[in-house]
Amino acid sequence: MKQKRGQLIILSGPSGAGKGTICEAALKAIPNLKISTSATTRKPRGTEKNGVEYFFLSEAAFKKKIENGEFLEYAKVHDHYYGTPKAHIVQMLDKGIDVILEIDVQGAAQIKEKMGYGITIFIAPPSLQELQERLVDRKTDSAEQITLRMKNAQTELKQAQNYDYIIVNRTVDQAVDDLTAILRAEKCRSLNNLEIIQEMLM
Ligand code: 5GP
């Protein structure tokens with residue numbers, strides 16, 4: 001039987017909804033799963049390192065990569081560019097590895113259009129008040145940045161209805177359980193297993 005392509009999982013949601021924490025926990029809990037490292041023109045925060053959380057690029061370097069067609073998608077979010085490098089992701093999917101992209105709503109729409117497949121999951125906070133508290137508690141953003149992120153959250157929440165699934169992040173454990181359940185159910189889609197049935201019918 002030929003190698004099955006990995007699943008492309010697109011996670012979006014407002015900044016502070018807990019996408020990063022959920023991804024970290026999911027990588028430990030779910031086998032055969034990798035997360036893509038995006039490129040950005042924003043400056044590293046706290047202990048962030050180049051090549052770990054992001055590839056931190058100058059605006060000129062980022063634009064060069066756009067020109068060279070190196071991104072699967074890119075978008076301007078909170079005044080900075082963010083983009084998904086193409087080559088590595090296509091390689092992983094071809095090897096049958098499942099890949100998570102943690103990207104904003106504009107990027108998710110571009111991927112769905114370009115790739116024609118992918119499971120889109122929106123991570124929502126339980127409330128706006130909780131979202132603001134999480135942004136304040138993580139102490140990585142200025143008051144001005146938090147105001148901008150809360151404003152952008154409204155725009156992003158409006159897009160949630162276009163996603164295949166919505167996970168409300170009340171606790172990380174429950175959110176990772178939900179994510180695991182979605183990925184298992186997606187693997188059992190009839191389209192993903194028809195080949196086995198067809199072999200039995202030959
Ligand atoms: P942060 O600066 O908090 O790490 O991320 C800000 C926003 O950029 C988040 O909504 C995150 O999902 C989004 N983002 C991160 N990487 C990418 C990317 O490669 N493409 C797009 N379109 N958005 C991204």
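Colleague: Is E70 buried, partly exposed or exposed?

Modeller: Good place to begin. Buried means under 20% relative accessible area, exposed over 50%, and partly exposed in between, using a 1.4 Å probe and protein chains only. E70 has 33% relative accessibility, so it counts as partly exposed. Do keep in mind that this is a predicted model: local features need pLDDT of at least 70, side-chain atom pairs count only at pLDDT 80 or more, and totals for chains, interfaces and linings use all residues. Residues are numbered from 1 along each chain as its sequence is written, and side-chain values use heavy atoms, with hydrogens and water left out.

Colleague: Which residue forms a salt bridge with E70?

Modeller: A salt bridge here is a side-chain nitrogen of Lys or Arg within 4 Å of a carboxyl oxygen of Asp or Glu. For E70 the partner is K65, with the closest N and O atoms 3.2 Å apart. K65 is partly exposed, because its relative accessible area is 28%.

Colleague: How many salt bridges does that rule give?

Modeller: The count comes to 12. One of them joins the side chains of K19 and E102, at 3.7 Å from N to O. This pair links distant parts of the chain, 83 residues apart: K19 belongs to helix 1 and E102 to strand 7, residues 98-102. Helices (H or I, at least four residues) and strands (E, at least two) are DSSP runs, numbered from the N terminus. K19 counts as buried because its relative accessibility is 12%, whereas E102, at 27%, is partly exposed.

Colleague: Which residues are linked in a network of salt bridges?

Modeller: R45, R138, D141 and R149 are linked that way. Take R45 and D141, whose closest N and O atoms are 3.6 Å apart. With a relative accessible area of 14%, D141 is buried.

Colleague: Which charged residue is buried yet has no salt bridge?

Modeller: Look at E156, which is found in helix 6. Lys and Arg count as positive and Asp and Glu as negative, while His and the chain ends are not counted. For E156, the nearest side chain of opposite charge is K19, 5.8 Å away. Contact means heavy atoms within 4.5 Å. Leaving out residues up to four places away in sequence, E156 touches several others, including P14, D104 and F122.

Colleague: And L27, where is its place?

Modeller: L27 is in helix 1, residues 19-29. It is partly exposed, with a relative accessible area of 33%. Beyond its neighbours within four places in sequence, L27 is in contact with L33, K34 and I35.

Colleague: Let us step back. How many helices and strands does the protein have?

Modeller: Eight helices and nine strands. The radius of gyration is 18 Å, close to the 17 Å that the globule rule gives for 202 residues, so the protein is as compact as a globular protein of that length. That radius is taken over C-alpha atoms, and the globule rule is 2.2 Å times the number of residues to the power 0.38. Buried residues make up 42% of the 202 residues.
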